[in-house]
Amino acid sequence: MGTENSPILDVFMIDTDDQFNHEFDIRTRVFVEELSVWQEDEYDGFDHLANHYLAYLDGKAVGTGRWRRDLRASRIKIERIAVLADYRKIGVGSALVKKMLEVTPDTVERYVHTPFPTIGFFEKC
C-alpha cells in the first residue's frame with residue numbers, strides 16, 4: 001500500500017497467539033483505557049466466534065477489528081474496530097473496514113456496530 005518513501009499498511013487475519021495478544025492490547029488501550037469501557041463488556045464472550053484482523057504499519061500492530069455472524073439474524077456484524085491514538089486519521093481504520101468487507105460474503109447484510117459517535121468515520125469507508 002505504500003510507495004518507496006511512504007509507510008506500508010497491511011491488514012491480516014489473526015491466526016497466532018502472539019497476534020491475539022497484540023489485538024487484546026490494542027483493544028484494552030483504546031476501549032478500556034481511553035473510552036472507559038468496562039473490561040467485562042469489551043471482552044464479551046464472542047471472540048471465539050469472530051474472525052479477527054490486525055492492521056500493521058511498517059510492521060507494527062496499530063489497529064484491529066473483528067467480524068462475526070450475528071446470532072439473532074443472518075447478517076454479518078463488523079465490530080471492535082480500534083486504532084491506537086498515534087495512528088488515527090491516516091487510513092488504518094478504513095483499511096480494516098475495507099478488508100473485512102472484502103472477505104465477508106456480500107450475499108448477506110453486513111453492518112457495523114459501535115456504541116460511540118463514529119458514524120462520520122464509517123461513512124468515509
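Start with the largest nonpolar core, which has 27 residues; select Ile26, Tyr87, Val92, Leu96 and Met100, those with the most contacts inside it. At least two residues of this core come from each of β1 (9-13), α1 (17-34), β2 (51-57), β3 (60-69), β4 (75-83) and α3 (92-103). A nonpolar core here is a set of buried Ala, Val, Leu, Ile, Met, Phe, Trp, Tyr and Cys residues joined through side-chain atoms within 4.5 Å. Buried means under 20% relative accessible area, exposed over 50% and partly exposed in between (1.4 Å probe, protein chains only). Helices (H or I, at least four residues) and strands (E, at least two) are DSSP runs, numbered from the N terminus.

The model is predicted: local features need pLDDT of at least 70, side-chain atom pairs count only at pLDDT 80 or more, and totals for chains, interfaces and linings use all residues. Residues are numbered from 1 along each chain as its sequence is written, and side-chain values use heavy atoms, with hydrogens and water left out.

Next, select the sheet. Five strands form it, open and with mixed pairing, in the order β1-β2-β3-β4-β5; two strands pair if DSSP finds at least two bridges between them. β1 and β5 are the edge strands, each with a single partner strand, so one side of each has no neighbour in the sheet. On average, neighbouring strands are turned by 20° against each other, direction ignored. Axes are lines fitted to C-alpha atoms, for helices over the stretch in contact, and angles run from 0 to 180 degrees between N-to-C directions.

β3 and β4 pair in the antiparallel sense over six bridges and form a hairpin with five residues between them. Arg69 has Ile76 of β4 as its bridge partner, and Arg66 stands opposite Glu79.

On to β5 (residues 109-112), which runs parallel to β4 and is joined to it by four bridges. From β4 the chain crosses through α3 to β5, and this β-α-β crossover is right-handed (with the strands pointing away from the viewer, the path from the first strand over the helix to the second runs clockwise).

Finish on α3. Its buried residues are Val92, Gly93, Ser94, Ala95, Leu96, Val97 and Met100. Show the surroundings of Leu96: not counting residues up to four places away in sequence, Leu96 touches Val11, Tyr53, Leu54, Ala55, Gly63, Thr64, Gly65, Ile81, Ala82 and Val83 (contact means heavy atoms within 4.5 Å).
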